[in-house]
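Hi,

Here is the structure I promised to pass on. Have a look at it first, and my notes on what turned up follow below.

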Amino acid sequence: MDVRLDGKVALVTGGSRGIGQATARLMLESGAEGVTITSRKPDNLEGSVSALMTAGVPGDRLQAIAARADDPADAERAVAQTIERFGACDILVNNAGTNPAPGPLATVDLGAVDKTWSVNQRGPLIWCQKVVRQWMADHGGSIVNVSSVGGLRPAPILGAYNISKAAVAFFTQQLASELAPSIRVNAVAPGVVRTRLAGSLWEGREAEAGKAHPLGRIGEPDDIARAIVFLASDAASWITGVVLPVDGGVIGAGTTAIS
Ligand SMILES: NC(=O)c1ccc[n+]([C@@H]2O[C@H](COP(=O)([O-])OP(=O)(O)OC[C@H]3O[C@@H](n4cnc5c(N)ncnc54)[C@H](OP(=O)(O)O)[C@@H]3O)[C@@H](O)[C@H]2O)c1
């Protein structure tokens, strides 16, 4: 089976590095007609475009737009510019995420919790509302949200973040039931992946972090990107409302990804 995105246009939030950048690259390599990447910082986006073009993606099928994940006006503008530039917005990947609120729930800073929940939890709702109203309600489409194994099972340190990712998992199921049959909504739930966001979980202790995953290593951004592209594609045309662990076996083993 060949998973292809020929003729499809995608919008990937948090595309300036990590899982979002890998997803944009794989989508273009899989034939996507156009991909818009967003993040807060124009410098990061410029770096991502350069890296993607160095990796061989066609620049005329890639667009970068500075947009905050929890800002409705930014989301509306990014969706509109995607449709204007590429003529559609068939796929949305709600990938942007943040984790500034580590620590036990009893003592966690409430301002940091507000930020985490606004970006991780309210953000996907905002982008889904915009893409549905501006494109998918009339044309159909596919949405993939990025949850986490931490949203499926409690783990130490990351309580406020994990709650936001549990919300993303339930949001995925709720939205899938509301938007079927013309729009599919699924999610991936990664284990620990080699990105900046998760740096404190693996940098300087990669072997130990890998052992917490039954398959013996931490994840690479491409491990997650492949699952996102599959769920976004027509190869998954009879799948909706699924939260797929992509976690080296953590959820299946009944353990946690935190070592
Ligand atoms: N890495 C893991 O182990 C892991 C595990 C489970 C789930 N996840 C999830 O995977 C997703 C991608 O994270 P990653 O691991 O690839 O981390 P990453 O490499 O640090 O990338 C995060 C991306 O989100 C963007 N971003 C952060 N805050 C934003 C905001 N307020 N508005 C718009 N964009 C924002 C960042 O760009 P700017 O800084 O330019 O805004 C960057 O492009 C997140 O939802 C994360 O929670 C990651």
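A quick definition before the details: a salt bridge here is a side-chain nitrogen of Lys or Arg within 4 Å of a carboxyl oxygen of Asp or Glu. Please also keep in mind that this is a predicted model.

With that definition, a search of the whole structure turns up 13 salt bridges. One of them links the side chains of Glu29 and Arg25, at 3.0 Å from N to O. Why can these two pair up along the chain? Glu29 and Arg25 sit 4 residues apart in helix H1, so about one helical turn separates them.

The side chains of Asp71 and Arg68 form a salt bridge at 3.1 Å, N to O. Asp71 has a relative accessibility of 18%, so Asp71 is buried; Arg68, at 43%, is partly exposed. Another salt bridge joins the side chains of Arg77 and Asp74, at 3.2 Å from N to O. Both Arg77 and Asp74 belong to helix H3 (residues 72-86), where they are 3 residues apart, about one turn of the helix. Arg77 is partly exposed at 31% relative accessible area, and Asp74 is buried at 10%. Which residues end up in one network? Salt bridges with shared partners connect Arg68, Asp71, Asp74 and Arg77.

How many residues surround it? There are 30, and the closest are Ser16, Asn95, Tyr161, Val193 and Thr195. By class, that shell is made up of 12 nonpolar, 12 polar and 6 charged residues. Here are some contacts to click on, each made to an oxygen atom of the ligand:

- Tyr161 has a polar side-chain atom 2.6 Å from a ligand oxygen.
- Arg40 has a polar side-chain atom 2.7 Å from a ligand oxygen.
- Ile19 uses a polar backbone atom, at 2.9 Å from a ligand oxygen.

Of the 880 Å² of accessible area that the ligand has on its own, the protein covers 97%. The elements that give two or more residues to the shell are helix H1 (18-29) and H5.

Helix H5 (residues 159-179) is also where Ile163 lies. Ile163 is part of a nonpolar patch on the surface, together with Leu105 and Trp117, and the three have about 260 Å² of accessible area together. Ile163 has 36% relative accessibility, so Ile163 counts as partly exposed.

Where is Ser147 placed? Ser147 is in the loop between strand E5 (141-146) and H5. Ser147 is buried, as its relative accessible area is 2%. A polar atom of the Ser147 side chain lies 2.8 Å from the backbone oxygen of Lys165.

That's what I have for now.

Cheers

Conventions. Residues are numbered from 1 along each chain as its sequence is written. This is a predicted model: local features need pLDDT of at least 70, side-chain atom pairs count only at pLDDT 80 or more; totals for chains, interfaces and linings use all residues. Side-chain values use heavy atoms; hydrogens and water are left out. Patches are made of residues with over 30% relative accessible area and no salt bridge: like charges are joined within 9 Å, nonpolar side chains (Val, Leu, Ile, Met, Phe, Trp, Tyr) within 5 Å. Accessible areas come from the Shrake-Rupley method with a 1.4 Å probe; for residues, only the protein chains shown count as cover. Buried means under 20% relative accessible area, exposed over 50%, partly exposed in between (1.4 Å probe, protein chains only). A residue is near a molecule or strand if one of its heavy atoms lies within 4 Å of it. A polar contact is a pair of N or O atoms within 3.5 Å; within protein, one must be able to donate a hydrogen and the other to accept it, and residues adjacent in sequence count only if both atoms are side-chain atoms. Ala, Val, Leu, Ile, Met, Phe, Trp, Tyr, Cys and Pro count as nonpolar, Asp, Glu, Lys and Arg as charged, and the others, Gly among them, as polar.
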